[in-house]
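These are my notebook entries on two kinds of interface. I looked up the parts within a chain before turning to the pair of chains.

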2 protein chains.
Amino acid sequence: MVIDPPYLIFLGDVPDALAAKSGIGIVDWRPEWCIGQLRLEGCQADAGIPDLSIDEAKARGVKTMVVGAVNAGGVLPDHWIQPIVAALDAGLDVATGLHIRLASVPEIAEAAQRSGSKLHDVRFSDQKFATGKGSKRSGKRLLTVGTDCSVGKKYTVLALEKEMRERGMDADFRATGQTGVFISGRGVAIDAVAADFISGAVEWVSPAADASHWDLIEGQGSLFHPSFAGVSLGLLHGAQADAFIVCHEPTRTTMRGVSHALPSIREVIDMTIALGSRTNPDIRCTGIAVNTQKLAEDEARALLKQLAAEHGLPATDPIRFGVSELVDALRSI
Amino acid sequence: MVIDPPYLIFLGDVPDALAAKSGIGIVDWRPEWCIGQLRLEGCQADAGIPDLSIDEAKARGVKTMVVGAVNAGGVLPDHWIQPIVAALDAGLDVATGLHIRLASVPEIAEAAQRSGSKLHDVRFSDQKFATGKGSKRSGKRLLTVGTDCSVGKKYTVLALEKEMRERGMDADFRATGQTGVFISGRGVAIDAVAADFISGAVEWVSPAADASHWDLIEGQGSLFHPSFAGVSLGLLHGAQADAFIVCHEPTRTTMRGVSHALPSIREVIDMTIALGSRTNPDIRCTGIAVNTQKLAEDEARALLKQLAAEHGLPATDPIRFGVSELVDALRSI
């Protein structure tokens, strides 16, 4: 899936910033692609970029309107159809991560037909993948893995990409989730791929590259999550990671959506090596990334120091304290 | 997916028995459901049941024509369309495991519309599943796991079902692959489910049951297969197996479709327990099932004796020597 930037970020009339998380994430990581936002009356979210009409966006070179907000249930509210149709009629493509296909709404399908604009349903995968082959590809690969879902796997690889590029390293973020696909402009929402093709889709997302090139692959779920571990394992096998970073949220008591306890960071490291060595015998853990948002700064620093000592690895909060040490640790690979 | 028996097995004009493996498997395990076979001119496969025309099948009470053969590439040859249309026009449902949807062929879609008959595309999953919850369900569950794909996982649980029912035990085969769905009349081809819902689909396939009831769940792939391990892990988590049996083919040198070596039976046991204990801490290995088809009988017996001694577990070839010991081993659970 390839989505053409620059973007107009559609935020609808959602009641808070959380419902606009995807759109705000795109603005955070690809500000140069986000020309403006389109908000309907009553919208309580603000991505901090100019409010533009569709015509203004078009005049400034926008190629795609990205629906960067979700309302309750992930469905498309009726009153969002008109602005989507207007964007299509203006010649913009439209991309969403909704649970329904845009083309299943007759007015939208007709508008896309009229204008020849593209509809991107990131949550659906129409692409045919090969099954994973597991044979070694050239280039270097890093994967983020987690003690749970939603612990900062995407933000960690995005922070790494930024730092590595600033240092002149050849590195690309590789998206495996819907917000990641918007941020990258390409990729696959791996959780929507048919189960047989998980690792094959990851091989497609991260193809052979120059020997010194780094693919920074967005992880999903956790090998220990009873709902999603299959996705995580297919992703690990397809990624053939040379390096992985364990992501963790220290205040969580049960895994997201279920009543199971979180695994320890040590368990995640050991299991990731045990399973990942199947497609890359040299896989190793190179760091720990902790989302310390809910901790005071001194608590956060103390925790990171303790984890670093316990595991003999750099430990940081990528957003709060940067990823300098995590990048340093990749030098020897 | 629920498919109504009895069946007429359609074998087309395939060149050999291998191409009719699915149809022959249904006849092997559900002879009482298989009223007859429909073969086109030149068919080199024979399931050993009466050749019937569609009208004869209808007259004998057949409800569904199952396409039990595949031609090269899994596509639908043009000259198979006419008999499928005829079956629909006679009021039979039609079920296939082809790579295309029956309804994508206009003549077939129209015939189904005309007669009100059902089209079952076992390889496609239109059903909505919940994500796996991982919370313990009542009833007992056995899962077959493998050192590779295609090592007898389906046949082992089918042989167990037969033996257990003969002993008066309450046991049901639970299908997770397309031939299994035809044999069971229900189930899910788990490899076609969207990756996020693998374990949830298995929870649906094997719902809560009486405390003494056994679900015998068909395994898929291998935790060590670089193409399909994600499917195997989601299946393991969803199955919450109390008992598992390792299936193995001793003459294979590399895993199916890739160049990776097979894991040892010990590695499979250890990894299945390590991962499976996430949703059932009491998971244990209760036996080894070996497909000894390519070995002479004395070689086969010697190998099974050696494996039994090495692992302290019953080891048998379910087809050649029966599954009596494997069922005995379940008594203590």
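How much area do domain 1 of chain A and domain 2 of chain A bury between them, and what share of it is on carbon and sulfur atoms? I found about 1100 Å², with 61% of it on carbon and sulfur atoms. Buried area is the accessible area (1.4 Å probe) that two parts lose on being put together, summed over both.

**Entry 1: conventions**

I noted that this is a predicted model, in which local features need pLDDT of at least 70 and side-chain atom pairs count only at pLDDT 80 or more, while totals for chains, interfaces and linings use all residues. Residues are numbered from 1 along each chain as its sequence is written, chains are lettered from A and ligands numbered from 1 in the order in which they are written, and side-chain values use heavy atoms, with hydrogens and water left out.

**Entry 2: the two domains of chain A**

I recorded domain 1 as 7-121 and domain 2 as 140-328 in chain A; such bounds come from an automatic or database domain assignment. Their C-alpha centres lie 29 Å apart. I then looked up the contact (heavy atoms within 4.5 Å): 13 residues of domain 1 of chain A touch 14 residues of domain 2 of chain A.

Side chains of opposite charge can pair when their charged atoms come close. I therefore searched for salt bridges, a salt bridge being a side-chain nitrogen of Lys or Arg within 4 Å of a carboxyl oxygen of Asp or Glu. The rule finds 1 across this domain interface. R30(A) and E161(A) form a salt bridge through their side chains, at 3.0 Å from N to O.

On the side of domain 1 of chain A that touches domain 2, I listed α1 (21-29), β3 (64-67) and β4 (93-96) as the elements giving two or more residues. Helices (H or I, at least four residues) and strands (E, at least two) are DSSP runs, numbered from the N terminus. The largest share, 5 residues, comes from α1(A).

**Entry 3: E161(A) again**

I found that E161(A) also forms a salt bridge with R165(A), the closest N and O atoms being 3.1 Å apart. Both residues lie in helix α5 (residues 153-166) of chain A, 4 residues apart, about one turn of the helix.

**Entry 4: chain A and chain B**

I asked how the two copies are related. Chain A can be laid on chain B with an RMSD of 0.1 Å by a turn of 180° and a shift of 0.0 Å along the axis. The two copies are thus related as by a two-fold rotation axis. The superposition is by least squares on the C-alpha atoms of residues with pLDDT of at least 70 in both.

The contact takes 38 residues from chain A and 38 from chain B. I noted that 100% of the interface residues of chain A are also interface residues in chain B, so the copies meet through the same surface. The chains bury about 2700 Å² between them, and carbon and sulfur atoms give 55% of it. In chain A, the residues that lose the most area to chain B are A195(A), D196(A) and R278(A), together 22% of what that side buries.

How many salt bridges join chain A and chain B? The count is 0. With 6 residues, α8(A) gives the most.
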